[in-house]
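Here is a friendly walk through two parts of a model. Please keep the 3D view open as you read.

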Amino acid sequence: MSISRKPPPARRAAAPAAPAPAAATPAGRAGELAAAWAPTAGRVLLGLVLAWFGYHELVQPGLWTGYVPLVASGSALAAVAVLAHGWLLLVLAVALICGIATRVAAAAAVVLLAEIVISLIAVGGLSDLTMRDVGVLGLAVCLTGRHPQRLVLRR
Amino acid sequence: MRPPTTPAGPAGLTLLAVTAIAGIILAVHGWSGRHSGLAPGALGTTASPASATAGPASPARTAAPAGHASTDRRAGSRSAASPAPAGSSPAAGPGPLLSAQPYASYAFRVWPGTPNAAARAALTGLTVKVRRQGSGITVTASVSGQPAPAPRFYSGGARVYIVEASLGDDSGNSDYSLGDDGLIVTDAQGRIVQ
């Protein structure tokens, strides 16, 4: 009678076919970590961007009226448009940072950012400013999908 | 069908409502001070053009870099830049030190001498021409591609600065917002000439 430490033939045949657990490798663990936290990081960072611009548009609208298309930048209408834009940015920023209806907030951000990109292109054509906003728009588009979100205010 | 990943609960809605109210308060604050906080001679304000003194025909020095001479400033329908604060008088004396002003760190000297890289960036979309005239200088500041206003005389003026609070609104040869741009003239001691 002999005792073999080798696994049975069936197990030996099946072992190479079974995929290794993703978390077994550093790359796999990094991937799992990114999958768990990247949507949250993207959401919070986009919220910070919107908050920064929203706050400054609210407190110093005169610095932003030049971006309002079709309206004289020194006019009251341009200032009102900037203030309304800043207010909406601030509300969306809080929603994103705190994780309140994130997909809805992201969708609204997509509309806002698309409007910004289109107006920039219409006024000044493609530029570094425009392309930078295109990237932010892409982030907002990504956040409209279903992702596991952490650090959210669910109540 | 799965529910949304992050529903808006009462606490979330309350927070959004508080944010909305805070935003309205900030907007009221911004509306009331929308014309303040800018440097004197702000190019983007609606300040009425100051009285200008036409200078004699003398050799002119332009502070605008050559690359910007024919640029298209896309700051909208603003007709022309006002090179001086509203209500100022060429006969007024020197004011406070530029170095003591909160916007001093955003002021870039464009005359005399050759503007450095930061000043050239601040001049994006602007054309500034300076001429010596007697004990002072005449300055013409305009949006590139638009008609220049009449030159303005600054008695005792010795240096010309462009104020650009943020270069983030400059792209290529365009400045999307004149609201943070201004022009300052100082005397030889660095005091702002009104």
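Two residues are in contact if their C-beta atoms, placed from the backbone, lie within 7 Å. In chain B, residues 24 or more positions apart account for 75% of the contacts with a separation of 6 or more. This is a predicted model, in which local features need pLDDT of at least 70, side-chain atom pairs count only at pLDDT 80 or more, and totals for chains, interfaces and linings use all residues. Residues are numbered from 1 along each chain as its sequence is written, while chains are lettered from A in the order in which they are written.

Chain B has 2 helices and 11 strands (DSSP runs of H or I, at least four residues, and of E, at least two, numbered from the N terminus). Of its 194 residues, 48% are buried, with 20 or more other C-beta atoms within 10 Å of their own.

Strand β10(B) has 6 of its 6 residues buried, and both of its faces are covered:

| Face of β10(B) | Buried residues |
|---|---|
| One side | B:D181, B:L183, B:V185 |

β7(B), residues 159-164, pairs with β10(B) in the antiparallel sense over 6 bridges (pairing takes at least two DSSP bridges). B:V185 is the bridge partner of B:V160.

Now to chain A. In α2(A), A:P39, A:G42, A:R43, A:L46 and A:V49 meet A:V136, A:L139, A:A140, A:C142 and A:L143 of α5(A).

Conventions. A residue is buried if 20 or more other C-beta atoms lie within 10 Å of its own, exposed if 12 or fewer, and partly exposed in between; C-beta atoms are placed from the backbone.
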